[in-house]
Amino acid sequence: MLGTAPAGAAGAPAAVATVEEQRLDRAVPQEILRRSGFDSVAPRFTRALRSAGSYADAERVVERHGAGLWRRAVDRAQGKGPVRGDLSRGDDRPLYWARLAMARELRQWQPAFGPTEADRARLLDRLEQTSRGQDSLDFPRANGAKGINDTKGVKGIKRIVVTGFDPFTLDRDIRISNPSGATALSLDGTWIRTADGTPARIEAAVFPVRWSDFAAGTVERALRPQLPGADLVTTVSQGRVGRFDVERTNGAWRGSFPDNENLSRTGTVPVDDPASQPQWTSTTLPYAAIVAASTGRFPVYDNTSVTEIPAGATEPVVRPDGPTPGSAARAGGGGDYLSNEIAYRATLLRDRLGLGTALAGGHVHTPVLQFGSGNTDPATGTVTDPEFERNRQDIVAQVRAIVTTAASAAGGAGA
């Protein structure tokens with residue numbers, strides 16, 4: 001915790017640590033931070049915050065250190081720069097725990113200039129955006145212009161947006177990693193080549209597993225500037241054991257499964273202009289081509305199942321072939337958790353922007369990232385093992401192959 005303000009200093013009192021932040025002091029997060037070298041991130045951030053004499057100073061500190069954390073995690077995953085610690089480079093967990101350590105320091109910070117509650121909230125929001133890559137989805141641009149739409153001046157390339165998630169269900173097993181987050185780190189800022197030789201640039205970001213952030217519009221804020229100039233957007237999350245799923249349909253319903261703050265939400269997905277909100281949105285990813293391609297060792301399925309309340313009925317039923325006319329959503333193909341919600345929000349935004357089938361967009365569920373057969377008990381298990389590492393590497397490589405297949409099948413090169 002940082003030094004407190006002088007007696008009588010103005011400003012809102014420091015907040016207590018969140019549920020997520022309270023997990024930081026357990027042995028596994030500390031081991032992950034130490035073995036990755038990310039244990040130095042929060043102390044450096046703390047020292048920089050102490051030098052901030054105003055809100056503007058603090059904002060610059062937050063933005064610099066937040067963006068630096070994201071870039072450090074991306075570089076580590078992609079084999080750039082020196083290796084710190086003995087944890088494998090491709091691990092997504094150091095980013096998650098280091099961000100929480102920074103957020104806890106910022107939440108409890110009490111400088112002499114006395115930031116208001118709103119000031120602190122804005123700083124925490126900037127930390128979230130910058131340390132997740134949400135505000136750095138930067139594509140090659142023409143004539144020094146800034147923004148994805150300006151890449152239309154760069155001929156003959158495709159522009160791909162990929163999103164991932166934080167680890168979750170940490171009270172069940174605090175060692176958990178999320179392969180979608182690892183994928184985002186591995187792919188951000190990289191190039192692929194489609195089947196016809198067209199180069200494609202991938203930009204990636206990671207999202208929290210928190211209902212409240214989604215209700216506040218974090219997905220739309222990050223993606224709205226990007227979608228009009230994109231050729232492909234693929235939201236990615238962890239799904240079922242041993243398989244990939246391309247989710248055909250997304251539902252406008254939140255289930256009750258707790259998020260990383262141990263909060264539950266049930267009801268219609270909250271979006272702007274709810275009067276025009278559809279119960280269902282559909283993928284425009286080239287799912288047939290993805291399923292048919294040889295992308296890796298895990299099978300890939302075209303998942304068409306949903307759970308609905310049929311028109312005129314009161315009880316939910318499973319429909320293996322998708323929703324029926326007039327039905328109310330109770331689960332998309334990807335369920336009723338935040339993976340379904342990010343897919344719903346991204347595809348609804350696509351449709352509301354009038355992009356329709358011109359933008360290939362949808363959701364891919366990865367296999368569950370499993371520990372080795374002798375390392376399944378969180379009470380006695382280690383934070384990594386050879387099978388765990390191989391599983392993550394194979395999942396990340398297969399997502400890259402799926403994205404390449406989708407980009408190859410999804411129209412011509414950007415103009």
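Student: What makes up the lining of the largest pocket by class?
Tutor: It has nine nonpolar, 14 polar and seven charged residues. Asp, Glu, Lys and Arg count as charged, Ala, Val, Leu, Ile, Met, Phe, Trp, Tyr, Cys and Pro as nonpolar, and the others, Gly among them, as polar. This is a predicted model, where local features need pLDDT of at least 70, side-chain atom pairs count only at pLDDT 80 or more, and totals for chains, interfaces and linings use all residues. Residues are numbered from 1 along each chain as its sequence is written, and side-chain values use heavy atoms, without hydrogens and water.

Student: Which of the lining residues lie nearest the centre of the largest pocket?
Tutor: Of the 30 lining residues, Phe168, Gln238, Gly239, Arg240 and Val368 do.

Student: Why is it called a pocket?
Tutor: Because a pocket is an open set of points on a 1 Å grid over the protein atoms alone, where a 1.4 Å probe fits, with protein on both sides within 12 Å along at least five of seven lines; lining residues have an atom within 4 Å of a point.

Student: Which element supplies the largest share of the second largest pocket's lining?
Tutor: α6 (117–131), with four residues. Helices here are DSSP runs of H or I, at least four residues, and strands runs of E, at least two, numbered from the N terminus. In all, 23 residues line this pocket, with Arg107, Glu128, Arg210, Ser212 and Asp213 nearest its centre.
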